[in-house]
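Dear colleague,

Please find the structure below, together with its sequence. My notes on what was found in it follow.

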Amino acid sequence: MKPRFFLVAGVILAGVGLATLRHSTDVRGTTPDPVSAIQTPDSATDLRRRIEQLKADIAQTPTDGSTVRERAKVLWEWANAIARNGGELPVELPLVCGLVLSDWPAEGAVEGQAPVIDRYVHELQVREEQPEAIGPLTSSSQGPFRVGSYQTIKQTYTVGRMPMLAGGGVLVAKHFMADHAPFQTGNPQGDNYVTISSSNPNAKFIVTQTPLSGMHGGFFTPADVLTFQLEGPTLGPGETITVTYGDTSQGSRGFQVQTYSNNRFPLPLYVDLEGQKNFFTLPIIGYRVIGTHTSGVHAFAPSVVGVNESFEVSVRSQDQFYNRATGRIPAYDVTVGDSHLAQIEAGEAPITILRDIQFDRPGVYRLKIRSADGKIAGTSNPIWVQTNPQHRIYWGETHGHSGFAEGQGTPDAYFEFGRDDARLDFLTHSEHDIWMDDREWETLKQNVGKYNEEGEFIAYLGYEWTMRAASGGHHNVLFRTPDERRRVPIQEAGTLSRLYQQLAAQNDMDDVLIIPHAHEPGEYRQSHPEMETLVEVMSMHGRHEWFGIMYLNHGHEVGFIAASDDHLSHPGYPTPLVRGLADSGGLAAVVAPEKTTDAIFDAMKNLSAYATTGDRILLDFNVNDASMGSRISHTETRKIHGRVYGTAPVESITLIKNGTEMWSQDCLASDDSRFVEIRFWSPSDPVIRDSPRGWRQWEGSLKVRGAKLVSVSSPSFYNPRAEFARIDESTPGKVDFRTITRGSMKSIVLELDGATSHTAIDISLIENTERYTTPSPIRSSAALPAESFTHSMSVIQNGNAVHKMQIERFTDTITTRLIDPDRQWDQEFEYVDSESPQRGDYYYVRVNQLNGHAAWSSPIWVGGYSAK
């Protein structure tokens, strides 16, 4: 069958009549008419009349470009009536309606939905008029399963009132966020061997493939998905079909589970009952995946406390993938400097809360945690102890997802992880509007009330307005309080100006915060001065400082913030393994007087915030004693002062004025040839108004000549699946490496013995290509040619050796320099600027650490006029 295509978030999806069920795990049983159950009598009658007319019209004339909008509107109302009454919806139905009702800006995007609309009407009609047509799905076990373990899982479909005809079958889908290996049917001894069987001994299936894209296929382009097609005979009511994942009967080790924990890992199954490639999805059974043995430990502490103020510290054991560890947890010693603070006994609890900790003197402290055998060690974030602090630094997530959209996990798991594992101060569950129905919105609102606890943990209501860049780009929308808030989705507002207009009309603008982000870039030529006060400059999609600069240079008064955009219900402390192409995640720092709903929201509205890449770096920055987000009166002399309390050695501090670097302090430079840093960097800014440049892949080898290579480390490599730097034991002095950058800097540190001016480092890169995580509508991925060059120690000793590679208009660099990796984690800086002062100049700082983490302050303006 030739696949039909539709566009979502700039991605081509192949539609083959798939319908993914939402909400429950059993489709049987009858319910009252959902329309009459939730509408006023008059409106219910009207909607029911229009639904019946829709069914009749489609039965007579298939939907086409002239009728698709009108029919999508009725379908959208019908779907939300079903959802509000607790009924089932195909998971992509809100998206399809959104594409049509928003006039999605891509050729053929609206008209292409016509046959999909008809299929969804057919789907809802079958479920409404024949509640037992599609049978139930059960599973042999729902876990828990340890990450990376081998399991055998059986899902059994019992045929309902609608038989499965010859030519029908079962499509075995894989969630695009799951990092387990593909399913296979050709090697009974291999991993992930999948088989199918039936209670009818005469049933015969053949293995075929179905092209599918979206969250259960190739997300950006169609991928062939395993399908078992029934050759015959027809399977009737009560007969069963069992799909076995990891069939070990012929020697397979089983199905290897994904590497990140989750309380609702999906194994989606679709069934074609009519033999027309019109697949329905069975309710998705959620499987619980848990972490494995302890390989690391981290402590979370408040960033600012008062002298003699009691506070808590959470000590969390984690596996190699950042999941909460399971099994036997080792004993730990907790120290501060040279002083013993606490002893944590061995046991089964992966999280221990240390209470009533106090410091009696101002300063910056860090806790060290170490197992008795010394094999596991970690630190806390810096704790800044002040005398009577007037403001605190609170950490939060403004952009993250769960299985309510295209991610994994439940909304409850999302909030519980943010509160208990990541120890966030505030959190927003900003689910995509294109996959959200009214019932899910109500769930998000209820969760805010359920998890919000003033002074302890602040929950905000929000969603992501998910529109392509041509009509405004992605924006997160946060509300101060849940109350009776209505979302304004793309189904109702298909352009950014309409979003602004409707949010302003329905709310007090002081209660709304809009945050554009870069990977499907917000329209930086357009902003709302009262509601849009922050810009997301970093997430798992890379580092996009240029995006914030574009807003500032267009005259918008905005601050900087970061967020992870995690899709695995791990907000605030995400796994580094998502799809192999991801940054460390992002985190928002908000400077506020207290941990309350109003105080934190007011601080974000007032630009009293800064961005980090996930590490809780403390940053204090002011101009003439004015803090981040301020605008001060015009003055010719600007005294810049700041402090950085890092989570690793601070590599550099850079001051930016009006979008241009004007001063930088190198904090690691050394004259000692013992340690050599090789630093990779690539810009992420697009050519024109386009998606950011894709990931720059660096792969190759280096060889040290004229010195002994003692060791190699890669402190900024987060992802063991995408990045490595390891000594080639077969060739003395050789290191093989691979890493990725997208506006970030990644480093390899070589420890050398006996280096002289005659020492040289040969670096070779293999041919590669850029890779996008969201499609670029204008620019294609560029080829990255192979290159070989040499950096001599005589050049390195006299300053940095820099090799530049020109890729179209982009200049990528490899810099080799001498460093002292044991320098200070804390830095203070001052600079006085009186050169060419102009009214409205703005300043901000960027901090880079040796471990690859970074922070960006919000700007401070001098003179000029506020846009507010």
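Contact here means that heavy atoms lie within 4.5 Å. The model is a predicted one: local features need pLDDT of at least 70, side-chain atom pairs count only at pLDDT 80 or more, and totals for chains, interfaces and linings use all residues. Residues are numbered from 1 along each chain as its sequence is written, and side-chain values use heavy atoms, with hydrogens and water left out.

I begin with phenylalanine 547, which lies in helix α9 (residues 545-553). Helices (H or I, at least four residues) and strands (E, at least two) are DSSP runs, numbered from the N terminus. Leaving aside residues up to four places away in sequence, phenylalanine 547 touches Pro516, His517, Ala518, Pro521, Gly522, Tyr524, Val535 and Glu536. Its relative accessible area is 0%, so phenylalanine 547 is buried; the term buried stands for under 20% relative accessible area, exposed for over 50%, and partly exposed for values in between (1.4 Å probe, protein chains only).

Arginine 846 belongs to strand β57 (residues 841-849). With 14% relative accessibility, arginine 846 also counts as buried. The side chain of arginine 846 makes a polar contact of 2.8 Å with the side chain of glutamate 545. A polar contact is a pair of N or O atoms within 3.5 Å; within protein, one must be able to donate a hydrogen and the other to accept it, and residues adjacent in sequence count only if both atoms are side-chain atoms.

Next come the strands. Two strands pair if DSSP finds at least two bridges between them. Four strands form an open sheet in the order β39-β38-β41-β56, with antiparallel pairing. The edge strands, β39 (626-627) and β56 (826-833), each pair on one side only. Within this sheet, six bridges join β38 (residues 618-623) to β41 (residues 638-645), and leucine 618 stands opposite tyrosine 645 in β41.

Elsewhere, five bridges join β17 to β19 (residues 311-318), and these two strands run antiparallel. Phenylalanine 300 has serine 314 in β19 as its bridge partner. Why is strand β17 (residues 296-300) largely enclosed by the rest of the structure? Four of the five residues of β17 are buried, and therefore the strand is largely enclosed.

Finally, isoleucine 688 is found in the loop between β44 (675-681) and β45 (696-705). Isoleucine 688 is partly exposed, with a relative accessible area of 47%.

Yours sincerely
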